[in-house]
Amino acid sequence: MAASSSVPQTLRGVSKFSNVNLWNSRIREAVNTNSAQKAILLFHRMKLSGLEPNNLTFPFVAKACAKLSNLRCSQIIHTHIAKSPFRLDIFVQTTMVDMYVKCDRWDYAYKVFDRMPKRDVAAWNAMIVGFARLGFLDRVLSLFYDMRFVGIQPDSVTIVGVSQAVLGLKNLNLVRGVHSLGIQIGVDGDVSVANTLIAVYAKCGDLESAEMVLNGIEVKSIVSWNAIIAGHANFKRFRDAFDLYRRMLLDGLRPDVSTTVSLLSSCVQLEALLHGRLMHSHGIQLGCDLDISVINTLISMYSKCHDVSSARFLFDGMFSRSCVSWTAMISGYAEKGDMDEAMALFYSMERAGEKPDLVTVLSLVSGCGQTATLELGRWIDSYANSKGFKENVMVCNAMMDMYSKCGSLHDARKLFHAMPERTVISWTTMIAGCALNGELNEALNLFYRMIELDLKPNHITFLSVLQACTHAGFLEKGWGIFNMMTRVYNINPGLDHYSCVVDLLGRRGKLKEALEFVQNMPIQPDAGIWGALLSACKIHRNVDIGKYAAHCLFELEPHVAAPYVEMANLYASAGRWDGVSTVRSLMKCNKVRKSPGQSLIHVNGKNHTFTVEDRCHPEGMLIYELLDDLTLQAKDQGCLLHGEEIPEICFYHV
């Protein structure tokens, strides 16, 4: 009798266990198919049915909460776990740590982790990867040291987490240290570790090491190729990116959206436009041309390659547009200098119900600085203030730059002094603005004040100060700044820094010293440096050194008109008309044409462009009649340029 009564009891137990497993299976399926909300609902229904979750149920539900990044939901699940017999289960506690990390509540995650009576490598990894994702390098390293101290052996997930953490510092020595550890513990052959190292090396600028890791992978995945292609794309090395792409195709792998976006991103320069168009065509063949991220990248690529009409064609053909789409197109017009069209799109964006973001505002501010449209810039300043964008230091820095370029240094100063927090970029922007507007002593004073505050100037700061010294003719101070950059701050000068020194020496008439400086440079001089020397030769009428500088420019840029014009004017100022004739013949031989000069002014919210010898403006008759009157008045007052400058003006019509 007792035996017979015990059978139903056993069956009921088996039936109940089987049902829990069924619920677990359904919850797991919902989580794995990215239906996190459905997984939470299934858990709720399971509880209503009277069944109690087991140690497998809670990890699935915690993972669903992590995918939703829903703190309230996570706390409810935590309460259920705390009341269950599985509250000390290491697997359940580890998923809770991950759950709170994904909700960006590292403090809650650490409390759960700290109270765990026993921790395995998965628990440590959950914390390390979580802190790495949040950018807390010091905490990641501290946890890593503690993990090694208690004798837990790191695995591939640990190396991935620590690698991602050290990326924030862009410290190659740290990256190499992590890589070395991965080799020591034997996980360097793991594809996820290798892919992470490729991405980290590439983002730190060590593309050779990234390719070395790639070549060490026996079976490369699409993620491996995407990581290395993206690395080259970040540095605009489009030829190398496309070479790797060809290797990937020969490897038999089919590119995905990430591959296409990276390759298109590498083509944001005029000389890469053909490659960009070819990739666009290939993207259509692959069927990813309708992906919004691909279209946004195409809009940006065409805009930066000066093909705004193609960018607009793609933009107008989009079925749905994100904020990124609008911003990419607005930025395209702003970079082109067409602020009328940029603002028209901005208003359309707001009418469409899409909220402009930080990048949208920065694009418009940059456009105003480029076109010197001060009134529009002030309106955008007011708009940014009303929408809370000016709380961001990047916006304030951009506004200062815009005001400086528009000639309103007063507004730039006012904004600079009102900033609650000033970064190195803020100081650099203000110094550059003072240099641009002729307030050269103020620029130097700001620089010395910045140093007094223990702020470390960067290479752009030094460039701005050197430019101020150049414009002011402060040769000794300029040399001092240059030496400070190299000897005190250990910053390697770039071509722009060398160009400033050449310009500084040239303006003071020290042309032989300038030439010697160029010839002793540790890097190859570019057109900017030879151009600075040629301009100085023109000022001081030194034909011999000018001829040498011009020859170097003709070799570097044979189809650019400016060096020919400068050299011809130098010959003309020295009365060497045979030299003028020779330069003109060389221009014709090389098929060099000088584009006519343009002026742009902003009146009543509209941009007006004027080109040399073009009188097609709708109000041209009135404008040029007034200009003729002003010319006569200037002539009467003796304000016309001296005749010695006339050859330069005449030469523009070659």
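A salt bridge here is a side-chain nitrogen of Lys or Arg within 4 Å of a carboxyl oxygen of Asp or Glu. Keep in mind that this is a predicted model, where local features need pLDDT of at least 70, side-chain atom pairs count only at pLDDT 80 or more, and totals for chains, interfaces and linings use all residues. Numbering runs from 1 along each chain as its sequence is written, and side-chain values use heavy atoms, leaving out hydrogens and water.

The structure has 21 salt bridges, so let's walk through a few. Arg312 pairs with Glu341, with the closest N and O atoms 3.2 Å apart. Helices here are DSSP runs of H or I, at least four residues, numbered from the N terminus. Glu341 is partly exposed at 29% relative accessible area (buried is under 20%, exposed over 50%, partly exposed in between, with a 1.4 Å probe and protein chains only).

Next, Arg176 meets Asp206 at 3.0 Å, N to O. Arg176 belongs to helix 10 (residues 172–184), while Asp206 is in the loop between helix 11 (191–203) and helix 12 (207–215), so the pair ties together parts 30 residues apart in sequence. Arg176 is partly exposed at 39%, whereas Asp206 is buried at 11%.

A local case is Arg378 with Glu375, also a salt bridge, at 3.0 Å between the closest N and O atoms. Both lie in helix 22 (residues 374–386), three residues apart, about one turn of the helix. Glu375 is exposed at 53%, and Arg378 is partly exposed at 34%. Elsewhere, salt bridges with shared partners join Arg312, Asp316 and Glu341 into one network.

Definitions and conventions. Helices (H or I, at least four residues) and strands (E, at least two) are DSSP runs, numbered from the N terminus.
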